[in-house]
Amino acid sequence: KAGLVPMFMRAASTAAAPAARMKTFKIYRWNPEKAGDKPTYAEYQIDLNKCSPMILDALIKIKNELDPTLTFRRSCREGVCGSCAMNINGENTLACIAKIDSDTGKATKINPLPHMYVVKDLVPDLTNFFKQYKSIDPFLKTKAKPASGKEYLQSVADRKKLDGMYECILCACCSTSCPSYWWNSDKYLGPAALMQARRWVADSRDEFTKERLEKLRDPFSVYRCHTIMNCSKTCPKHLNPGKAIAELKKDLAANF
């Protein structure tokens with residue numbers, strides 16, 4: 001019996017290693033702070049047998065093992081924080097929940113979110129995006145303290161009206177997929193901010209509905225939405241910003 005152990009070990013050591021599955025990633029690179037630098041694509045190859053299945057795993061592997069200068073945002077790796085939003089093979093999504101295409105004959109192309117200023121490589125400048133989010137006052141506003149003196153109560157039915165809106169993680173995938181936002185991002189608030197505006201208008205506990213709607217009553221803030229629905233198609237959380245904007249337009253019409 002003692003002789004079986006080394007025989008087994010020899011058999012295991014001579015087993016053929018799986019053939020390498022080399023996958024090419026074509027990644028947008030640009031450092032605007034570097035004089036003379038121009039946007040370009042860099043190609044990296046990694047063995048899928050030695051990489052976890054998501055795009056973010058591949059990016060981390062490239063940064064750790066091939067090119068430490070590659071820059072991108074990431075945090076939770078669970079599709080919750082929205083940090084790793086980028087354009088992968090032409091679709092805005094989250095790198096942490098986007099699976100690597102197993103077809104090794106086709107390169108995966110990765111870009112920053114479209115029509116945004118670029119900080120570096122895959123990192124977009126979200127300053128204007130969050131400024132617009134701030135402008136809709138994304139918090140509960142009331143005119144009196146709750147009757148109980150403790151908290152503002154809400155029925156189950158009223159709470160259900162917020163489903164499909166409160167789950168937004170502000171990844172900006174929807175806004176940066178919207179042609180109207182591409183051309184009018186200085187005036188049009190975009191799908192993400194408008195869905196959150198609708199979320200607070202729909203909240204039965206909020207007492208500033210009229211004031212919220214008046215802030216949006218201009219030709220650009222809401223009405224640049226032409227119901228193209230790219231926003232709803234690309235949302236990685238499967239929400240429907242297009243529907244929320246339509247409801248917001250109805251609210252504006254009803255309170256004219």
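The model is predicted.

In soluble globular proteins, nonpolar side chains tend to be buried together. Here the largest nonpolar core holds 65 residues, of which F25, I27, I55, L59, M86 and I110 touch the most other members. The elements that contribute two or more residues to this core are β1 (22-29), β2 (40-47), α2 (55-65), β3 (85-88), α6 (190-201) and α9 (241-254), and α6 gives the most, with seven residues.

Side chains of opposite charge can pair when their charged atoms come close. Over the whole structure, 17 salt bridges are found. In one of them, the side chains of R29 and D121 meet at 3.1 Å, N to O, and this pair joins strand β1 to the loop between β6 (118-120) and β7 (123-124), across 92 residues of sequence. R29 is buried, at 13% relative accessibility, and D121 is buried as well, at 1%.

D137, which is buried with a relative accessible area of 17%, forms a salt bridge with K141 at 3.0 Å and another with K215 at 3.5 Å. The pair of D137 and K215 links the loop between α3 (127-135) and α4 (156-160) to helix α7, 78 residues apart, and K215 is partly exposed, at 47%. Elsewhere, R198, E247, K250 and D251 are linked in a network of salt bridges.

Finally, G90 lies in the loop between β3 and β4 (91-94) and is exposed, with a relative accessible area of 65%.

Notes: Residues numbered from 1 in each chain as written. Predicted model: local features only at pLDDT ≥ 70, side-chain atom pairs only at ≥ 80, totals over all residues. Heavy atoms only, no water. Core = buried A, V, L, I, M, F, W, Y, C linked by side-chain atoms within 4.5 Å. Buried < 20%, exposed > 50% of the residue type's maximum accessible area, 1.4 Å probe, protein only. Helix = DSSP H or I, 4+ residues; strand = E, 2+ residues; numbered from the N terminus. Salt bridge = Lys/Arg side-chain N within 4 Å of Asp/Glu carboxyl O.
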